[in-house]
Amino acid sequence: MSEQTPNTAANDVEQLIRDQIRDNKVIIYMKGTPQFPQCGFSARSIEVLTQIGRPFAFVNILENPEIRATLPKIANWPTFPQLWIDGELMGGSDIILQMYQSGELKPLVEANSPAA
Ligand SMILES: N[C@@H](CCC(=O)N[C@@H](CS)C(=O)NCC(=O)O)C(=O)O
């Protein structure tokens with residue numbers, strides 16, 4: 001048998017994440033939900049996205065332990081939240097806040113998420 005990467009559950013999770021990031025131009029991986037964030041960093045990030053006012057997707061990593069374990073390796077970013085826009089990792093709460101305050105984040109979100 002030739003040496004190929006076996007189709008393990010880990011690969012499935014990685015593919016799921018890649019699909020989520022591809023299919024949702026603005027997506028945040030967070031603890032809890034936008035209605036009930038379960039970490040201050042996630043809560044702060046949601047406040048910013050709510051201020052911007054465009055629809056966004058989210059994944060509650062507390063309900064998805066495989067995603068919680070796998071995404072940091074794919075992203076090379078150890079913590080949550082993680083905001084991804086158009087297939088690219090923006091960063092966590094600190095960076096989201098910085099990008100918002102510098103005026104960089106709003107147009108980026110607007111360009112990738114039409115008004116509802
Ligand atoms: N400086 C980071 C702080 C985020 C952070 O420390 N997150 C922690 C606590 S919520 C985390 O995700 N730890 C890994 C884990 O819980 O899986 C940011 O700006 O987002």
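Visitor: Which residue in β4 is the bridge partner of Ile85?
Guide: This is a predicted model, in which local features need pLDDT of at least 70 and side-chain atom pairs count only at pLDDT 80 or more, while totals for chains, interfaces and linings use all residues. Residues are numbered from 1 along each chain as its sequence is written, and side-chain values use heavy atoms, with hydrogens and water left out. β3 and β4 pair in the antiparallel sense over three bridges, where pairing requires at least two bridges found by DSSP. In β4, the partner of Ile85 is Glu88.

Visitor: Which residue in the turn of the β3 and β4 hairpin has a positive phi?
Guide: Two residues lie between β3 and β4 in this hairpin. The one with a positive phi, about 50 degrees, is Asp86.

Visitor: Which strands are the edge strands of the sheet?
Guide: Strands here are DSSP runs of E with at least two residues, and helices are runs of H or I with at least four, both numbered from the N terminus. Four strands form an open, mixed sheet in the order β2-β1-β3-β4. Pairing on one side only marks the edge strands, β2 (57-60) and β4 (88-91).

Visitor: Which residue in β2 stands opposite Tyr29?
Guide: Strand β1 (residues 26-30) runs parallel to β2, and four bridges join them. Opposite Tyr29 stands Val59.

Visitor: What angle does the direction of helix α3 make with that of β3?
Guide: Helix α3 (residues 65-75) packs on the sheet and touches β1, β2, β3 (82-85) and β4, contact meaning heavy atoms within 4.5 Å. Axes are lines fitted to C-alpha atoms, for helices over the stretch in contact, and angles between N-to-C directions run from 0 to 180 degrees. For α3 and β3 the angle is about 60 degrees.

Visitor: How many residues of the shell around the ligand are charged?
Guide: The ligand is surrounded by ten residues, among them Lys31, Arg68 and Asp94, each with a heavy atom within 4 Å of the ligand. Asp, Glu, Lys and Arg count as charged; Ala, Val, Leu, Ile, Met, Phe, Trp, Tyr, Cys and Pro as nonpolar; the others, Gly among them, as polar. The shell has four nonpolar and three polar residues, and the charged ones number three.

Visitor: How much of the ligand's exposed area does the protein bury?
Guide: A polar side-chain atom of Arg68 lies 2.7 Å from an oxygen atom of the ligand. Taken alone, the ligand exposes 510 Å², by the Shrake-Rupley method with a 1.4 Å probe. Of that area, the protein buries 72%.

Technical notes
Polar contact = N/O pair within 3.5 Å; in protein donor to acceptor, adjacent residues only side chain to side chain.
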